[in-house]
Amino acid sequence: MSAMTAPAVAVAVALVLLAAGPHPGAATMSSNSLRQQERHYDRSPWTWRCSGAPRHLCQRHALEENETPTAISTCKMTCGPGANLWPHPQHVTVDDPTARAVNFNSMSIEFTDASGESIDNARDAGSLFEEMASRFRLQQEVKTVNSDGSAIVREGHRSIEVRAVIKNPRIAHLTLDTDESYELIISKAGAVSNVTVVADNVFGARHGLETLNQLLVRDDLRRELVMPTEVHVRDAPSYKYRGILLDTARSFISIEAIKRTLDAMAASKLNTFHWHITDSHSFPFVSKSFPNLSRYGAYSPHEVYMPEDIEELVEYARVRGIRVLPEFDAPAHVGEGWQWVQNATVCFRQEPWQKYCVEPPCGQLDPTVDKVYDVLGGIYRDMLDVFKPDMFHMGGDEVNFHCWNTTDSIVQWLDARNSSARTSDDFRKLWNHFQERALQKLVDANEGKEVPVVLWTSGLTAIGKVDRYLDPRKYIIQIWTKGDDPLVRELSQKNYRLIFSNYEALYFDCGFGAWVGEGNNWCSPYIGWQKVYDNDPRGLLRKLGITDPKLLANALGAEATLWTEQADSQSVDGRLWPRAAAMAERLWTNRPDWSWRNAEHRMLEQRNRLVALGVQADRLEPQWCDQNPGLCYLSKRPEDQPSPTAEH
């Protein structure tokens with residue numbers, strides 16, 4: 001279950017999180033801590049005011065006598081039409097931006113169906129409503145507590161009443177067809193702020209609560225939790241698939257680090273955690289059917305993912321509106337862990353490695369060995385049991401034909417089937433033989449039911465080849481080559497559904513020192529958030545000449561990837577964040593008329609939100625730029641350039 005599991009309660013007509021009166025989890029403000037805050041407050045001579053149209057920037061001013069100060073966090077939320085939200089909603093109007101103080105100790109939330117009947121926990125998604133409500137409350141509680149344990153909450157401010165109307169309350173799991181739209185309305189009624197969230201299902205409602213969470217802002221100068229008075233949001237994602245890939249095989253990643261990644265994804269409305277859980281380097285997935293895989297293949301007995309660990313993470317993700325997509329990469333990218341399976345792998349740790357794979361250690365499965373498919377069937381069954389995915393990733397990249405061509409059993413198998421020439425097409429036929437048998441094992445493990453299968457671009461998807469082997473009705477292709485690769489155009493024209501991870505924009509391990517040899521790694525340079533933001537999957541297709549709306553709709557979305565040859569639990573946050581948030585807005589909002597420049601000031605604030613969550617996101621600009629929006633820019637106008645006589 002989630003680490004923020006709601007307290008056990010009786011099945012209720014409404015979920016009332018906090019009654020009037022102090023919440024037992026909230027700290028009490030002592031007179032001493034209050035005096036300390038008052039002294040700190042008195043020392044600040046500044047306030048922030050909105051510049052107004054057209055730029056809507058918060059500017060720092062000296063606090064005038066009798067003026068109520070406004071923190072920059074409050075100013076950013078009330079300055080301009082967008083309310084400083086991330087990702088920016090499709091439609092948002094702030095009819096009354098006045099920031100009103102609200103009372104955390106007087107906040108309630110209720111989930112109802114379309115007829116007004118309260119959600120019953122006995123229904124399929126009932127526990128999700130309770131979990132999401134508890135998480136929302138905790139998000140607000142964190143904002144009201146200072147680092148010394150004292151509280152900023154005061155009695156007497158506006159109470160908040162949240163009502164979420166769910167049209168299909170029984171939907172409990174994400175699929176590619178899940179409606180993630182929502183509508184959010186904030187209005188005032190006397191001393192109460194009324195919030196209404198309307199959504200098709202619990203996942204859309206979760207997005208609405210995430211937006212509301214961003215509208216509830218801690219004002220450090222006023223020492224209050226504030227919210228705009230009247231707001232109307234109508235919102236939905238532009239892309240169905242919005243993901244992050246995390247590789248936990250090159251380096252083991254802790255459960256805690258994965259949870260931080262999921263927290264940051266939820267804050268950015270990303271919906272897919274693609275778990276590349278095994279590779280030739282290690283096998284940390286504990287298979288019930290074949291425990292020797294992790295026994296032989298894990299880096300240590302403690303660096304494994306037990307079934308209960310995975311089930312906990314899957315539920316933790318679901319509460320945050322995220323599916324977990326497992327990947328078992330084959331027939332290449334296998335090795336460690338398979339030592340006990342006789343004759344299953346070939347070229348494992350083969351030297352010199354450059355001849356047999358793309359990085360050490362090498363390793364591929366032998367498609368001619370029947371035992372391979374028996375083990376695959378058990379792995380698939382075990383993964384389906386714990387992940388319960390609506391999709392499955394079968395990997396399928398970087399098969400080395402030279403490796404197979406130097407394996408006696410494979411050469412003999414080809415000779416027996418009139419493929420003694422051993423051309424590239426002969427090896428593709430062998431590869432297809434493996435893929436068809438592996439896919440059938442996956443279907444059998446899923447009790448005969450097919451699920452959408454994702455494969456990487458590879459030799460099997462090469463130009464002129466892919467539709468000989470892969471049915472576009474069954475397979476989704478994930479693109480890791482460059483976005484302008486002609487292969488992308490062909491895949492689109494042949495009606496394949498596509499997920500973009502084009503490496504020049506979405507490989508977040510790029511731009512660091514080489515780990516084999518010297519210099520920089522293969523995909524350098526480092527990819528700045530600006531390039532990530534401007535990477536639009538449909539825009540890439542249009543540049544390749546794809547204009548048919550049906551083909552453009554086959555671009556399901558995109559996924560940022562973090563391969564961990566040079567990252568682990570200590571560095572994963574900074575490699576992913578806040579750059580992945582830039583991708584998140586592109587995939588959610590996707591304003592074609594917007595570049596990264598339209599997002600810069602909000603991006604800095606989203607990074608601050610991630611840090612407040614405990615995510616060690618990289619800083620993008622000096623803190624001074626946070627406090628002085630609009631003054632950190634680079635002009636290209638000739639008249640703004642340095643004088644030739646200026647000293648440097």
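**A predicted model, element by element**

Visitor: How many of the 18 residues of α3 are buried?
Guide: Helices (DSSP runs of H or I, at least four residues) and strands (runs of E, at least two) are numbered from the N terminus. A residue is buried under 20% relative accessible area, exposed over 50% and partly exposed in between, using a 1.4 Å probe and protein chains only. By that rule α3 is mostly covered, and its buried residues number 15.

Visitor: What kind of model is this?
Guide: Residues are numbered from 1 along each chain as its sequence is written, and side-chain values use heavy atoms, without hydrogens and water. Local features need pLDDT of at least 70, side-chain atom pairs count only at pLDDT 80 or more, and totals for chains, interfaces and linings use all residues, since this is a predicted model.

Visitor: What distance does helix α7 reach from its first C-alpha to its last?
Guide: α7 covers residues 307-319, which is 13 residues. At 1.5 Å a residue the expected value is 18 Å, and the model comes close to that with 19 Å.

Visitor: Which elements do the buried residues of α7 pack against?
Guide: Among the buried residues of α7 are Pro307, Ile310, Leu313 and Tyr316. Glu315 and Arg318 are also in that buried set. Contact here means heavy atoms within 4.5 Å. The packing partners are α3, α4, α5, β10, β11 and α8.

Visitor: Which residue just after α7 takes a positive phi?
Guide: The helix ends at residue 319. The phi in question is about 75 degrees, and it belongs to glycine 321.

Visitor: Are α10 and α11 roughly parallel or roughly perpendicular to each other?
Guide: Axes are lines fitted to C-alpha atoms, for helices over the stretch in contact, and angles run from 0 to 180 degrees between N-to-C directions. The axes of α10 (408-415) and α11 (424-445) come within 11 Å and cross at roughly 100 degrees. Angles under 35 degrees count as roughly parallel, over 145 as roughly antiparallel, 65 to 115 as roughly perpendicular and the rest as oblique. The two helices are therefore roughly perpendicular.

Visitor: How many nonpolar residues does the contact of α10 with α11 have?
Guide: Ile410, Trp413 and Leu414 in α10 meet Asp426, Phe427, Leu430 and His433 in α11. Ala, Val, Leu, Ile, Met, Phe, Trp, Tyr, Cys and Pro count as nonpolar, Asp, Glu, Lys and Arg as charged, and the others, Gly among them, as polar. The contact has 1 polar residue and 1 charged residue, and its nonpolar count is 5.

Visitor: Which residue of β4 stands opposite serine 108?
Guide: Two strands pair if DSSP finds at least two bridges between them. β3 and β4 run parallel and are joined by 8 bridges. In β4, the residue opposite serine 108 is glutamate 161.

Visitor: Is cysteine 79 buried or exposed?
Guide: Cysteine 79 is found in the loop between α2 and β3. Leaving aside neighbours within four places in sequence, cysteine 79 is in contact with Cys50, Ser51, His56, Leu57 and Cys58. With a relative accessible area of 8%, cysteine 79 is buried.

Visitor: What is the omega of the peptide bond from tryptophan 86 to proline 87?
Guide: Proline 87 also has its place in the loop between α2 and β3. The bond is cis, with omega near -10 degrees.

Visitor: Is asparagine 343 buried or exposed?
Guide: Asparagine 343 lies in the loop between β11 and β12. Although not a glycine, asparagine 343 has a positive phi of about 65 degrees. Its relative accessible area is 54%, so asparagine 343 is exposed.

Visitor: What is the relative accessibility of glutamate 490?
Guide: Glutamate 490 is placed in helix α13 (486-493). Beyond its neighbours within four places in sequence, its contacts are Ala462, Ile463, Gly464, Lys465 and Val466. Glutamate 490 counts as buried, at 14%.

Conventions. Expected span 1.5 Å × (residues − 1).
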